[in-house]
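User: I have a structure open that I have not looked at before. Can you walk me through it?

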Amino acid sequence: MTEEKIARINALAKKSRAEGLTDAEQKEQAALRREYIEAMKASLKSQLDNTIVIDPDGRSHRLRREKK
């Protein structure tokens, strides 16, 4: 997610509170928000995939995803 897209999200949010958005702007805002959320999810997953846990007995291991 680029700084320009984040700035656009913020500009649309400010405009929405001040005067409202057109249908096209609402669709743009929704798409940008989805993209932002997906980027945050990917970032968090990457961070957790690289997290090492140290047990009380001193052994270390990576976090594992639970099977659903």
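User: Which residues are buried in H1?

Analyst: In H1, the buried residues are Ile 9, Leu 12 and Ala 13. Buried means under 20% relative accessible area, exposed means over 50%, and partly exposed is in between, with a 1.4 Å probe and protein chains only. This is a predicted model, in which local features need pLDDT of at least 70 and side-chain atom pairs count only at pLDDT 80 or more, while totals for chains, interfaces and linings use all residues. Residues are numbered from 1 along each chain as its sequence is written, and side-chain values use heavy atoms, with hydrogens and water left out.

User: Where do those three sit around the axis of H1?

Analyst: Ile 9, Leu 12 and Ala 13 are buried in H1. They cover an arc of only 100° around the axis, so they are on the same side of H1. The arc is that of the directions from the helix axis to the C-beta atoms.

User: And which exposed residues are on the face turned away from the buried side of H1?

Analyst: That face carries Glu 3, Glu 4, Lys 14 and Ala 18, which are exposed.

User: What covers the buried residues of H1?

Analyst: The cover includes helix H2, residues 23-49. In turn, what covers the buried residues of H2 includes H1. Contact here means heavy atoms within 4.5 Å.

User: How many residues does each helix have?

Analyst: H1 spans residues 3-18 and has 16 residues. From its first C-alpha to its last, H1 reaches 22 Å, close to the 22 Å expected at 1.5 Å a residue. H2 has 27 residues and reaches 39 Å between its first and last C-alpha, close to the expected 39 Å. The expected span is 1.5 Å times one less than the number of residues. Helices are DSSP runs of H or I with at least four residues, and they are numbered from the N terminus.

User: What follows H1?

Analyst: Gly 20 follows H1, and its phi is positive, near 95°.

User: Back to H2. Which residues are buried there?

Analyst: Glu 25, Gln 29 and Leu 32 are buried in H2.

User: How many salt bridges does the structure hold?

Analyst: It holds 5 salt bridges. A salt bridge is a side-chain nitrogen of Lys or Arg within 4 Å of a carboxyl oxygen of Asp or Glu. One of them joins the side chains of Glu 35 and Lys 5, at 2.7 Å from N to O. Glu 35 is in helix H2 and Lys 5 in helix H1, so the pair ties together parts that are 30 residues apart in sequence. Glu 35 is partly exposed, with a relative accessible area of 33%, and Lys 5 is partly exposed at 33%.

User: What about Lys 41 and Glu 38, how far apart are they in helix H2?

Analyst: Lys 41 and Glu 38 are 3 residues apart in helix H2, which means about one helical turn separates them. Their side chains meet in a salt bridge at 3.7 Å, N to O. Lys 41 is partly exposed, with a relative accessible area of 43%, and so is Glu 38, at 47%.

User: New topic. Which residues make the nonpolar surface patch?

Analyst: Met 1, Tyr 36, Ile 37 and Met 40 make the patch, which is about 350 Å². Patches are made of residues with over 30% relative accessible area and no salt bridge; like charges are joined within 9 Å, and nonpolar side chains (Val, Leu, Ile, Met, Phe, Trp, Tyr) within 5 Å. The areas come from the Shrake-Rupley method with a 1.4 Å probe, and for residues only the protein chains shown count as cover. Tyr 36 is in helix H2 and counts as partly exposed, at 33% relative accessibility.

User: And Ile 6, what is it in contact with?

Analyst: Leaving aside neighbours within four places in sequence, Ile 6 is in contact with Met 1 and Tyr 36. Ile 6 lies in helix H1 and is partly exposed, with a relative accessible area of 27%. The C-alpha atoms of Ile 6 and Arg 33 are separated by 9.1 Å, and these residues are 27 residues apart along the chain.

Key
Helix = DSSP H or I, 4+ residues; strand = E, 2+ residues; numbered from the N terminus.
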